[in-house]
Amino acid sequence: SPRCVIPVMPTSCHPCVAMRVPAVPLSLLLALSLLSPWGSAGGSCPPHCVCASNLLSCSQANLSVVPAPLPRFTAVLDLSHNNVTRLRADWTPARLPHLHALLLSHNGLAFVSTEAFARVPRLRHLDLSSNRLRTLDENLFSDLGELEVLLLYNNEIATVDRTAFENLGRLRKLYLGRNRIARFPLELLREGTRLPQLALLDLSANRLRAVPAGELQALPAWLRDRLYLHNNPLACDCVLFQLLDRGRRRHLSAVEDFQDELHCFLPGVTTHVKILELAGKPPLNCSKAREAVLEAHLGDSVTLGCDSRWQGVRSRHWVTPGGERVLGDGGNGSVVLLANGSLQLRALRPEDAGTYSCWVAGPLLNETLYVELLVHNFTLHGPHDTLNTAYTTLVGCILSVVLVLIYLYLTPCRCCCCRGTEKPPAPRNDSINSSVLSTTPNHAGGTGEPCASHVASSAGTGQNGRFKGGGTPPLPARQGPKAQRKVSDPDSVSSVFSDTPIVV
């Protein structure tokens, strides 16, 4: 029998060893091949792609179309840095139920069909950045109900349809920076109905000239923290300055990290200025807004908001100006901690005024917010305690003068109306004691006629037969050198208030 020379031949090639290795069954080899996802029929790795498990990388492969067929179990597909200029509805003939990340950046992509994402309903991350997209058509992403991150920056987008982001209930981050958007898409943020979970909106480096600063201020702080508006040709406005100034004082990253890029243009000026440097500078002379100051009146009910910039707050509580910690109902229901973290005060009292603090335990850091409450010392609809004394005094003086004038010039009955009535003259001593302004009759035995005090005696005639309107009776004769005294003529007196002395 032949001898085996072991030192001459390698072990793997030794005839004696080769004869001892048992044969591997063909069925076992087939089973091992099926364990690899790329070994099944129709699941081979596409040409020009690198495949690892359920990841497909076809980047920088000079592709003009998406390679087909794609394995059904593909979870991540990278087609960036190619020449795929159009994404039609049939770019993937088969449904890809496991695909959650699709990367199509740097392709020169100019067209995306509204049905392009119908076969990838589980997509959570979509990158369409650095392409040539110009419009976002209606219902473009409506099939992506589980999408969380959408990258559209560095395109040529100028028009955004109002329904382009319909049904994106889970979208958290939307990047629209470096485009040509001239109108702020406020419908994406208003009331939180269209994108209820949106936590980041990048509109930087666009063509925005104005933003609805008043409505943006009403947004939750955790959303304002991720609203990027830098590098836009904004018009300078004090409301915009106050919005960003509050963000800087709150250390919001969208403002604090881009202070130098937040600029605006003044009217008639071609160079821009920094928005956060507008305080007290002409021509606007913007003033810094006070943070969280609330005014109310006695008896009102107010709600103090705890506007934290953290989303997913674990716990929060309030501390009153008196140092009392509010965790639930307190003060016979006058202080109520609401479910959203706000503090409601009912039937305000003067002692409720002061600074309230809200302590927030966030997912990463803690935050303390302060709200100053001013309670005016009067009710909103009741009489004020601080009446204007000078004003009321002036009104009183005017009213007094009017009453005197009414009495002097609007007497109910004048003497000219009562000349036909004759009445015996009153005694002299009675006339002396009566007031010239009194309307009360001076005759104890009078008949009660309305013009008794103004009735002249028919027996009394003046010089040259003239009637004496004053009704002064003739004086009785006196004895002595001064017996003949003259009675003053009432016609010579122009007014009862005249400074001219009465000559006797």
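Predicted model: local features only at pLDDT ≥ 70, side-chain atom pairs only at ≥ 80, totals over all residues.
Buried means under 20% relative accessible area, exposed means over 50%, and partly exposed covers what lies in between. C397 has a relative accessible area of 45%, so C397 counts as partly exposed.

Start with helix 5. This helix covers residues 238-249, 12 residues in total. From first C-alpha to last, helix 5 reaches 16 Å, close to the 16 Å expected at 1.5 Å a residue. Look at the start of the helix. There, a side-chain oxygen of D237 comes to within 2.9 Å of the backbone nitrogen of V239. Now look just past the other end.

Which residues of helix 5 are buried? They are L240, F241, L243, L244, D245, R246 and G247. The list includes D245 and R246 as well as L240 and F241. What do the buried residues pack against? Their partners are helix 3 (213-217), helix 4 (221-224), strand 14 (234-235) and helix 6 (253-256).

Next come the disulfides. The count comes to five, taking a disulfide as a pair of cysteine sulfur atoms within 2.5 Å.

Take C236 and C264. Their sulfur atoms lie 2.1 Å apart, and the two form a disulfide. The torsion about the S-S bond is about 90 degrees, so this disulfide is right-handed.

Now move to C238 and C286. These two also form a disulfide, with sulfur atoms 2.0 Å apart. The link has -85 degrees about the S-S bond and is left-handed. C238 has a relative accessible area of 23%, so C238 is partly exposed. C286 has a relative accessible area of 3%, so C286 is buried.

With 80 degrees about the S-S bond, the link of C45 and C51 is right-handed. C45 is partly exposed because its relative accessible area is 29%. C51 is partly exposed too, because its relative accessible area is 21%.

Strands of a sheet pair through backbone hydrogen bonds, either parallel or antiparallel. Here, an open sheet of three strands has the order 14-15-16, with mixed pairing. Strand 14 and strand 16 are the edge strands, and each pairs on one side only. Strand 15 and strand 16 pair in the antiparallel sense, over three bridges. Which residue of strand 16 stands opposite C264? It is V273.

The sheet and the helix meet at strand 14. Strand 14 is an edge strand of the sheet, and the buried residues of helix 5 pack against strand 14.

Methods:
Residues numbered from 1 in each chain as written. Heavy atoms only, no water. Helix = DSSP H or I, 4+ residues; strand = E, 2+ residues; numbered from the N terminus. Expected span 1.5 Å × (residues − 1). Buried < 20%, exposed > 50% of the residue type's maximum accessible area, 1.4 Å probe, protein only. Contact = heavy atoms within 4.5 Å. Polar contact = N/O pair within 3.5 Å; in protein donor to acceptor, adjacent residues only side chain to side chain. Pairing = 2+ DSSP bridges.
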